[in-house]
Amino acid sequence: MIYEVPETVDSAVALLSGATGSARILAGGTDLLVQMKSGVVEPDLVVDIKRIDGMKSIAQEDGGWRIGAAVSGAEMGEHQALCAAWPGVVEAMELIGSTQVQGRATLAGNLCNASPAADSVPAMVAAGAVVRVAGPDGVRDIPVEEIPVKPGKTSLGKGEFVTSVFLPARPVNSGDAYLRFIPRTEMDIAVVGCGVSLTLDEAGTCTAARVGLGAVAATVLVVEDAAAALIGSKADDTALDKMAAAVSAACKPIDDKRGTVAFRTHVAGVLAKRAAKIALARAQG
Amino acid sequence: MSQIHVTTKINGDTTEYLCDPEETLLDVLRDRLALTGAKEGCGTGDCGACSVTVDGRLVCSCLTLGAEADGCEIDTIEGMADGEKLHPLQQKFLEHAALQCGICTPGILVAAKSLLEKNPSPTEEEARYWLAGNLCRCTGYDKIIRAVMDAAEEMRRAS
Ligand SMILES: Cc1cc2nc3c(=O)[nH]c(=O)nc-3n(C[C@H](O)[C@H](O)[C@H](O)COP(=O)(O)OP(=O)(O)OC[C@H]3O[C@@H](n4cnc5c(N)ncnc54)[C@H](O)[C@@H]3O)c2cc1C
Ligand code: FES
Ligand code: FES
C-alpha cells in the first residue's frame, strides 16, 4: 500500500486518476481503517485529504454553509453559528460513535462509506445538501441523495472525490431535526433514522419541507409524499399523521436481528413525527 | 515496501520514526516507541483503550495511521504524571479504586483529562456520555465516574 498526502485538490485527483490498483480516500479513517484491518478492503493507494487547503474549513457562502470534507464531527459541534443554522444536521453527525470517533469522523466520509444506516445522511437529505465533487473533468455540484447508489457503493467515478458539503441558506422560520432508533443509548447503528427540515410562513403554515429516511432501504430515501403532507398545513396532528403514514409507506426495510420489517416500518413513522415536531419548534424559534 | 519517515512531538518531545504505510499509530507507539500505556482492546474503535490526543483532539490510535501523525503533537498516558507526581485524575482513580485489571485505565484517564480540559465542571451525565466510548469490563463504571467527578472538583479548587 502507498500512502499519499497531497496538498491540492488537483494533485489528489491526479493521484486517484493515475492509480493502477484500488484507491481509497482517507478522511477520518473511522470506517476505512476498520475495513482495511478486517480485510474487507485492501487498497493499493490511500490518499489522505486532510492537508488539502480548505478541507478543514467551515465557511459561510451565499448565506449557507460550506463544510470541508475533512471537518470532524467534533469541529462541527463546536461551531456555534453552524449549530444555530442547521441543528438537525449537526445533531445527526454528533450521534456518530464516541467522543474519540467524533474527533475524526467526517460528514463526507459518512456519506461516501455508503452505509444505508449512516446517520448524517438523512439529515443532509432533509437539509437539501449539495455535494461538491472534484474529478478529472473538473468540479460538479450534485444533490446529496445522488451519491449513494447501493450499500457500500457511490456514484463517484474514477479519480473523483467529495471536497465539501454545502448546506443552503436558511429562510427565516426554518428548522430541522434528526432522530434515530437504536437498541442502546449510545454507540450503535441506526435501526431507523429520520431527518426533517421545514419552513413556515408568518401565519405558521408550512411552505417547504423535506424528509430523509435512513436504514429502511438499500440507500437513503427522499420521501416526497411525506413532505407534501406537511406543505400547506400547520403541521398539526392530522398533517403529522398523514406524514407518518407516507413515511411508513415508503419503507422497504430488511428483516434482521436488529429490527423486523414491521418494527422498522412502524418506528419510521413514529420517529418522523417526533422529528417533525422538533423541527417545528425550532422553526417557531 | 518503503517506510514512511514521520516527525512528531510526543508528550512534548520531538520524536522521529519510520513506519509502514498501513501501520496504526497504536502499533507505532507500542511496538516501535515502547510506549505501551495505550492498549489494544478491540482495534476497531469500540473500546477506547487506545485513546490518545492528536493536536489536542481525543482519538482512537487504533484507527489512526502512524503516517498521519507527521507534524502533529501527540499526548499519551505516559505524559500524564509530572515525574513522580500523579495527575489529580490518577490520584483519584487510586483513592476511589476506579480500576481492577487496569487495561481500560490509561484510555479512560486520557479521555477524562481531555473532558476536563474542555469542560472543567461536567455534570455526571456529561461525563458518562463523554466516556461512553471507553469500555470497562471490571468496575461497572460507577467508581470511574466518581473518581472523575472528584478529580474535577479538586482541580477546580486548585485553579
Ligand atoms: C466505534 C464506531 C462507531 C460508529 N458509529 C456510527 C454511528 O453511530 N452512525 C454512523 O452513521 N456511523 C458510525 N460509524 C461509522 C463512521 O464513524 C462514520 O461513517 C464516519 O462518518 C466516517 O467518516 P470518516 O471521515 O472516518 O470516513 P473514512 O473512514 O475516512 O472514509 C469512509 C469511506 O468513504 C470514503 N471517503 C471518505 N471521504 C471521502 C471523500 N471526501 N470523497 C470520496 N470518498 C470519501 C473512504 O474512501 C471510505 O471508503 C462508527 C464507527 C466506529 C468505529
Ligand atoms: S483498541 Fe482502539 S478502540 Fe479498542
Ligand atoms: S478495570 Fe478491567 S477493564 Fe476496566
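**Entry 1: a network.** Which residues are linked with Lys50(A) in a network of salt bridges? I found Asp48(A), Arg104(A) and Glu68(B) linked with Lys50(A). I counted a salt bridge when a side-chain nitrogen of Lys or Arg is within 4 Å of a carboxyl oxygen of Asp or Glu.

**Ground rules.** I am reading a predicted model, where local features need pLDDT of at least 70, side-chain atom pairs count only at pLDDT 80 or more, and totals for chains, interfaces and linings use all residues. Residues are numbered from 1 along each chain as its sequence is written, chains are lettered from A and ligands numbered from 1 in the order in which they are written, and side-chain values use heavy atoms, with hydrogens and water left out.

Entry 2: I looked up the pair of Lys50(A) and Glu68(B), and their closest N and O atoms are 2.5 Å apart in a salt bridge. This pair crosses between chains: Lys50(A) sits in the loop between strand 3 (45–48) and strand 4 (58–61) of chain A, and Glu68(B) in the loop between strand 4 and strand 5 (73–75) of chain B. For these names I used DSSP runs numbered from the N terminus, with helices (H or I) of at least four residues and strands (E) of at least two. Glu68(B) is buried, at a relative accessible area of 5%. My scale calls a residue buried under 20% relative accessible area, exposed over 50% and partly exposed in between (1.4 Å probe, protein chains only).

**Entry 3: where the chains meet.** How many residues of chain B are in contact with chain A? I noted 31, and they meet 26 residues of chain A; contact here means heavy atoms within 4.5 Å. The two chains bury about 2200 Å² between them, 57% of it on carbon and sulfur atoms. Buried area is the accessible area (1.4 Å probe) that two parts lose on being put together, summed over both. Arg57(B), Leu63(B) and Glu68(B) supply 30% of the area that chain B buries against chain A, more than any other three residues.

I then turned to the charged pairs and found four salt bridges between chain B and chain A. In one of them Glu78(A) pairs with Arg57(B), the closest N and O atoms being 2.7 Å apart. The elements that give two or more residues to the side of chain B that touches chain A are strand 4 (57–60), helix 3 (105–118) and helix 4 (124–130) of chain B. Strand 4 of chain B gives the largest share, four residues.

Entry 4: I followed strand 4 of chain B back to strand 3 (residues 51–54) of chain B; the two run antiparallel and are joined by four bridges. I took strands as paired if DSSP finds at least two bridges between them. Val52(B) stands opposite Val59(B). Two residues lie between the strands of this hairpin, where Asp55(B) takes a positive phi near 50°.

**Entry 5: salt bridges within a chain.** In chain B, Glu154(B) and Lys92(B) meet in one (3.1 Å, N to O). Glu154(B) lies in helix 5 (residues 142–158) and Lys92(B) in helix 2 (residues 88–95) of chain B, so the pair ties together parts that are 62 residues apart in sequence. Glu154(B) is partly exposed at 31%, whereas Lys92(B) is buried at 9%.

**Entry 6: a serine in chain A.** Is Ser120(A) buried or exposed? Ser120(A) is buried, with a relative accessible area of 0%, and lies in helix 8 (residues 120–127) of chain A. Leaving out residues up to four places away in sequence, I saw that Ser120(A) touches Ala92(A), Met93(A), Leu107(A) and Asn110(A). The side chains of Ser120(A) and Asn110(A) are joined by a polar contact of 2.7 Å. A polar contact is a pair of N or O atoms within 3.5 Å; within protein, one must be able to donate a hydrogen and the other to accept it, and residues adjacent in sequence count only if both atoms are side-chain atoms.
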